[in-house]
Amino acid sequence: GGSVCDTLGLPNGISQNSITNSIVVYPNPANDKLYLSGLENGKKLTINIYDYTGKLIRETGFYNGEIDIMKIMSGCYILKIFEHGSLIQTEKMIIAR
């Protein structure tokens with residue numbers, strides 16, 4: 001069984017194909033925090049969270065820790081992971097409380 005987000009598709013030509021796809025975003029659905037695994041130690045990334053209209057909701061640096069998503073409303077989102085300004089991965093994400 002898929003989620004309601006699966007039926008929405010990805011907007012604006014966003015592809016879920018990734019260059020590396022080695023980074024795992026969890027938990028999904030998420031509640032208050034997001035974690036990333038599969039990173040090389042010390043790798044500095046930028047994480048952008050978009051709603052399903054393509055609007056940027058949150059932009060944050062990520063340094064081997066967690067992302068606080070408490071202030072983001074429940075719903076379906078697109079998470080884009082950038083390294084040195086280049087998009088390396090795109091993930092669908094659900095925030096559910």
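Good morning. The search for aromatic pairs returns a count of 1, where rings of Phe, Tyr and Trp (its six-membered ring) pair if their centres lie within 6.5 Å. The rings in question belong to Tyr26 and Tyr35: their centres are 5.7 Å apart and their planes stand at 25 degrees, so the pair is stacked. For this term, planes under 30 degrees apart count as stacked, over 60 as edge-to-face and the rest as tilted. Tyr26 is partly exposed, at a relative accessible area of 39%, and Tyr35 is also partly exposed, at 29%. Here buried means under 20% relative accessible area, exposed over 50%, and partly exposed in between, with a 1.4 Å probe and protein chains only.

A word on the basis of these values. This is a predicted model, in which local features need pLDDT of at least 70 and side-chain atom pairs count only at pLDDT 80 or more, while totals for chains, interfaces and linings use all residues. Residues are numbered from 1 along each chain as its sequence is written, and side-chain values use heavy atoms, with hydrogens and water left out.

Let me turn to the overall layout. The protein chain contains 1 helix and 7 strands, and from the N terminus the order of elements is α-β-β-β-β-β-β-β. Helices (H or I, at least four residues) and strands (E, at least two) are DSSP runs, numbered from the N terminus. Of the 97 residues in the protein chain, 39% are buried. Among contacts with a separation of 6 or more, 56% are between residues 24 or more positions apart, a contact being heavy atoms within 4.5 Å.

Which side chains meet in a salt bridge? They are those of Glu66 and Lys33, at 3.8 Å, N to O. Glu66 lies in strand 5 (residues 66–68) and Lys33 in strand 2 (residues 33–37), so the pair ties together parts 33 residues apart in sequence. The whole structure has 1 salt bridge, defined as a side-chain nitrogen of Lys or Arg within 4 Å of a carboxyl oxygen of Asp or Glu. Glu66 is partly exposed at 42%, as is Lys33 at 23%.

The other open sheet has 4 strands in the order 4-3-6-7, again with antiparallel pairing. Its edge strands are strand 4 (56–62) and strand 7, each pairing on one side only. Strand 6 (residues 75–83) and strand 7 run antiparallel and are joined by 9 bridges. Opposite Cys76 stands Ile94 in strand 7, and opposite Tyr77 stands Met93. The two strands form a hairpin with 2 residues between them, where His84 in the turn has a positive phi of about 50 degrees. Strand 7 (residues 86–95) is mostly covered, with 8 of its 10 residues buried.

How values were computed: Pairing = 2+ DSSP bridges.
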